[in-house]
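This briefing gathers selected features of one structure and groups them by topic. Please keep the sequence and the 3D view at hand while reading.

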Amino acid sequence: MDSSGDVSLFCRGLLKNLLSRHGDRFKLVPGEEVTDFEVDEKILFGVTSRNQNGDFVTRQCDKIVLALGVRSAELCNSIGVPCPVYPAKGHLVTVSSRF
């Protein structure tokens with residue numbers, strides 16, 4: 001079976017690939033909810049998230065993997081980036097960090 005339509009299989013493969021290629025620069029933070037993007041002059045430079053203790057944490061980055069499902073549109077729209085995601089299993093979108 002291939003990963004077509006299997007979001008879990010796709011995400012596990014993506015994580016494995018990111019860690020093997022970019023483990024020194026890639027960070028996965030389970031249990032945190034992204035609440036905002038940090039943007040300056042239309043350039044994404046970080047994300048703010050809420051950790052499991054309820055504290056807000058801001059992390060710098062130059063790329064992100066946005067995997068928030070239908071909530072992706074809400075966050076993207078807040079910085080003026082169209083993100084036409086609607087409830088549908090396996091829907092993926094790629095956008096540039098420069099918009």
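This is a predicted model: local features need pLDDT of at least 70, side-chain atom pairs count only at pLDDT 80 or more; totals for chains, interfaces and linings use all residues.

Strand 2 and strand 3 run antiparallel and are joined by five bridges.

**Salt bridges**
- Side chains of opposite charge can pair when their charged atoms come close.
- The count of salt bridges in this model comes to two.
- One of the salt bridges is formed by Glu32 and Arg59, whose closest N and O atoms are 2.8 Å apart. Because Glu32 lies in the loop between helix 1 (7-22) and strand 1 (33-40) while Arg59 lies in strand 3, the pair ties together parts that are 27 residues apart in sequence.
- Glu32 counts as partly exposed at 22% relative accessibility, and Arg59 likewise counts as partly exposed, at 25% relative accessibility.
- Arg50 forms a salt bridge with Glu33, and here the closest N and O atoms are 3.9 Å apart. This pair links distant parts of the chain, with Arg50 in strand 2 (residues 43-50) and Glu33 in strand 1, 17 residues apart.
- Arg50 is partly exposed, with a relative accessible area of 33%, and Glu33 is also partly exposed, with a relative accessible area of 37%.

**Cysteines**
- The count of disulfides comes to zero.
- The cysteine sulfur closest to that of Cys76 belongs to Cys83, and because the two sulfurs are 4.0 Å apart, they are too far for a bond; the cut-off for a disulfide is a pair of sulfur atoms within 2.5 Å.
- Cys76 counts as buried at 4% relative accessibility, and Cys83 counts as buried at 7% relative accessibility.

**A loop residue**
- Leu68 is placed in the loop between strand 3 (56-60) and helix 2 (71-78), and this residue is partly exposed, with a relative accessible area of 26%.
- Leu68 and Val85 are 17 residues apart in sequence, and their C-alpha atoms are 9.9 Å apart in space.

Key:
Residues are numbered from 1 along each chain as its sequence is written. Side-chain values use heavy atoms; hydrogens and water are left out. Helices (H or I, at least four residues) and strands (E, at least two) are DSSP runs, numbered from the N terminus. Buried means under 20% relative accessible area, exposed over 50%, partly exposed in between (1.4 Å probe, protein chains only). A salt bridge is a side-chain nitrogen of Lys or Arg within 4 Å of a carboxyl oxygen of Asp or Glu. Two strands pair if DSSP finds at least two bridges between them.
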